[in-house]
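Biologist: I would like a close look at one part of this model, namely the place where the chains meet. Please take me through it with the cut-offs stated.

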Amino acid sequence: MFIINCPYCGERDQTEFSCGGEAHIERPKQPTELSDDQWAEYLFMRKNIKGVQFERWNHAHGCRKWFNMVRDTSNDKIQAVYKMGEKPPVK
Amino acid sequence: MKNKYSIFSLIKNALSGHENWQRAWRDPEPKKEYDAIIIGGGGHGLATSYYLAKKHKLTNIAVVEKGWIGGGNTGRNTTIIRSNYLWDASAGLYDHALKIWEGLSQELNYNVMFSKRGVMNLAHNLQDVRDLKRRTHANRLNGIDAVWLNTEEVKKFCPIINTSPDIRYPVLGGTLQKRAGTARHDAVAWGYARGADAMGVDIIQNCEVNGIRRNGDQVEGIETTKGFIKSKKIGVVAAGHSSVLANMAGIRLPLESKPLQALVSEPVKPIIDTVVMSNAVHAYVSQSDKGELVIGAGTDSYVSYTQKGSHNIVEETLRAILELYPIFSRMKMLRQWGGIVDICPDASPIISKTQIKGLYFNCGWGTGGFKATPGSGDLFAHTIANDEPHKLNAAFNLNRFVSGDLVDEHGAAAVAH
């Protein structure tokens, strides 16, 4: 449980947000050309890092906008928040 | 077994003031090389080593544990054991475990306090009723005991439940598995550790794995805080930290690790003599032999390794508990904790070989691994010893995420995962 600084609304309680999982997983540009292994990689395989991880979050009970977050999963500390489409801050 | 526990050993040691009990397992330094290494000294890992030694005669093996045995999720779960899963593959897997539970105390010469107090699952809406009736039929077709109870029968079986029709989520009925129940969780880890140690298995505690060394596609050993240990077979049973170990070996798993919470109340006199679970409102409760109510809450919705969990999750569970059991309204909660569970996209476990030769994973048990401990150990030992899965865990391979042949127990399991 923590406070999230929504890039559109400012600081709000985490319970207002929902987590969309690992960020920067690009949707395949040509889905018809993917092998089963590549589909499995895209759909299911995750880094699930203990440490600094890039994630997508949605302010579900607020502005309902999606954004990205850099968070340390070993202590839940948020290191950065940035908008969709922006380049992730270099760690 | 060298020091068999019995009524006579109890009397003998009582007469000498209980000062001469021998330690239940050794505390060895790691050897340079083993025939197989199990990473993770929880119930599943220790059970795996026990069956590797007992059934497959592999005794030159070690279990390495970064903390102390049974100090992870084995000691953090709510100790519920049941096998009323919907799909055939899951029913086979969990009932295999339940059958081993039934004779486990005798086999290990260690009282795991398996208590067949029954597990009841409540239905709160029409869809619940349909789903649970369907599951009852599926269970019976698979030879697993299950009965449907109407509201009056639920009330009769557990009188403290509020079955009034005007509550927010009224009780419309439920299922009951009478062979299901609870067991003492640390006794399971200790019993398996003692049994494995007696057959020569080295249990190495306070030994954290920092790397998995491989030569091409063959595994070679592990880097640990106690040095490099060589082995051509490595079985990883690390629950919430499975992905961390997979990353060391350079592979990815379809897992997300999240905190799952549980809490216990102050101890009271016997008030609930069964386990009651409710999927729709996510509340489940039983009473420990010490008298504490043991309550299971849900998982957080984001990846975290903090072993804490959010306050709002506990609040939601307690709200549901209070509506279903108004008698608990003035009880105080004593302790709350979290364990990191590794959740698969289909809420079913992985007991499988990997693309790396000699590297095996037993993971993805998510929120419901404790009940499977003996079966999981048995089947994982079979998979490691033969380099082939047993027919009961063949469906739980890693390749199902490529083939699409998932074992989807998400909505189908008896409680929300």
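Which residue of chain B forms a salt bridge with A:Glu41, and how far apart are the closest N and O atoms?

Modeller: This is a predicted model, in which local features need pLDDT of at least 70 and side-chain atom pairs count only at pLDDT 80 or more, while totals for chains, interfaces and linings use all residues. Residues are numbered from 1 along each chain as its sequence is written, chains are lettered from A and ligands numbered from 1 in the order in which they are written, and side-chain values use heavy atoms, with hydrogens and water left out.

The partner of A:Glu41 is B:Arg252, with 2.8 Å between the closest N and O atoms; a salt bridge here is a side-chain nitrogen of Lys or Arg within 4 Å of a carboxyl oxygen of Asp or Glu. Across the interface of chain A and chain B, the rule finds 2 salt bridges, and it also finds 12 residue pairs in polar contact, both residues being at pLDDT 80 or more (a pair of N or O atoms within 3.5 Å; within protein, one must be able to donate a hydrogen and the other to accept it, and residues adjacent in sequence count only if both atoms are side-chain atoms). On the side of chain A that touches chain B, strand 3 (18-22), helix 1 (36-43) and strand 4 (52-58) of chain A each supply at least two residues, and helix 1 of chain A gives the most, with 4 residues; helices (H or I, at least four residues) and strands (E, at least two) are DSSP runs, numbered from the N terminus.

The contact, meaning heavy atoms within 4.5 Å, takes 26 residues from chain A and 24 residues from chain B. About 2,100 Å² is buried between chain A and chain B, with carbon and sulfur atoms giving 53%, where buried area is the accessible area (1.4 Å probe) that two parts lose on being put together, summed over both.
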